Amino acid sequence: MAIVADSQFHVLAVDDSLMDRKLIERLLKTSSYQVTTVDSVSKALEFLDGQQHEIEVNLIITDYCMPEMTGYDLLKKIKESSSLKDIPVVIMSSENVPSRINRCLEEGADEFFLKPVQLSDMKRLRPHLLKGKFKEQDQEQGKVMGNNGNKRKATDEEILPEKRRTRFSTSHSIL
């Protein structure tokens, strides 16, 4: 299997604060990610709707507190969408509110960062980007194989049951 270069990953950053947007953009670019920034949830949704055939978004990082719609609202819309639900979502906030953090993680956020976001936080994005990339590749293979792929998969599972194992664990444990 080929190793995927970070520069192939495209991150959509959503924050109503210009300073925070510039900071997250700089941190992401320093980490060799391609970045698109927008200042609202509605613009993020417009971008995601319009880009589905042009630019592939591999991860969304969004501020929690924004006018009109929150990052939590964006998270819920992403996870409810059949075409977007596999895109990892990271929420950021300057407020350390445990109930808010837990609610976001329970609704499907992959990470929750406290602001100000730092370069070390960017390293925590990579596993989520890779997980999303592998899900996408698996789905594309399923589309190519069609129904015959399902028969083939069943045969492979009978012969090689270890192929059913999950490659990555999303659980986090602190020792």
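Here is a briefing on the chain, sorted by topic.

This is a predicted model, so keep in mind that local features need a pLDDT of at least 70 and side-chain atom pairs count only at pLDDT 80 or more, while totals for chains, interfaces and linings use all residues. Residues are numbered from 1 along each chain as its sequence is written, and side-chain values use heavy atoms, with hydrogens and water left out.

**Overall layout**

- The protein chain has six helices and five strands, where helices (H or I, at least four residues) and strands (E, at least two) are DSSP runs numbered from the N terminus.
- Reading from the N terminus, the order of elements is β-α-β-α-β-α-β-α-β-α-α.
- Of the 175 residues in the chain, 39% are buried; buried means under 20% relative accessible area, exposed over 50%, and partly exposed in between (1.4 Å probe, protein chains only).
- Take the contacts (heavy atoms within 4.5 Å) between residues at least 6 apart in sequence: 66% of them join residues at least 24 apart.

- The chain averages a pLDDT of 81, and 69% of the residues score at least 70; pLDDT is the predictor's confidence in each residue, from 0 to 100.
- Confidence is highest in strand E4, at 98, and lowest in helix H6 (residues 126–159), at a mean of 58.
- Over residues 147–173 the pLDDT stays under 50, and the model has ten contacts beyond four places in sequence for that stretch.

**Aspartate 63**

- UniProt lists Asp63 for "modified residue: 4-aspartylphosphate", in an unreviewed entry; its positions are given in the numbering used here, feature names are shortened, and annotations may be inferred rather than shown by experiment.
- Aspartate 63 sits in strand E3 (residues 59–63).
- Aspartate 63 counts as buried because its relative accessibility is 6%.
- Leaving out neighbours within four places in sequence, aspartate 63 is in contact with Val14, Asp15, Asp16, Gly71, Met92, Ser93 and Lys115.

**The nonpolar cores**

- The largest nonpolar core has 23 residues, and Leu12, Val14, Leu48, Ile60, Leu74, Ile91 and Cys104 touch the most other members; such a core is a set of buried Ala, Val, Leu, Ile, Met, Phe, Trp, Tyr and Cys residues joined through side-chain atoms within 4.5 Å.
- At least two residues of this core come from each of strand E1 (10–14), helix H2 (41–51), H3, E4 and H4.
- Apart from this core lies another, of 18 residues, including Val11, Ala13, Leu28 and Leu129.
- Not counting residues up to four places away in sequence, isoleucine 91 touches Thr62, Tyr64, Gly71, Tyr72, Leu75, Cys104, Ala109, Glu111, Phe112 and Phe113.
- Phenylalanine 47, found in helix H2, touches His10, Leu12, Thr36, Ile55 and Val57, with residues up to four places away not counted.

- Arg100, Ile101 and Cys104 are the buried residues of helix H4 (residues 98–106).
- Seen down the axis of H4, these buried residues fall within an arc of 100°, so they line one face of the helix; the arc is that of the directions from the helix axis to the C-beta atoms.
- An α-helix has 3.6 residues a turn, so residues three or four places apart point the same way.
- Pro98, Ser99 and Glu106 are exposed on the other side of H4.
- The buried residues of H4 pack against helix H3 (71–80), strand E4 (89–93) and strand E5 (111–114).
- After H4 comes glycine 108, with a positive phi near 120°.

- Most residues other than glycine have a negative phi, and most peptide bonds are trans.
- Serine 32 has a positive phi of about 70° although it is not a glycine; serine 32 lies in the loop between helix H1 (18–30) and strand E2 (34–38).
- Glutamate 68 also has a positive phi of about 70° without being a glycine, and glutamate 68 lies in the loop between E3 and H3.
- Glutamate 68 counts as exposed, because its relative accessibility is 78%.
- The peptide bond from lysine 115 to proline 116 is cis, with omega near 0°, and proline 116 lies in the loop between E5 and helix H5 (119–122).
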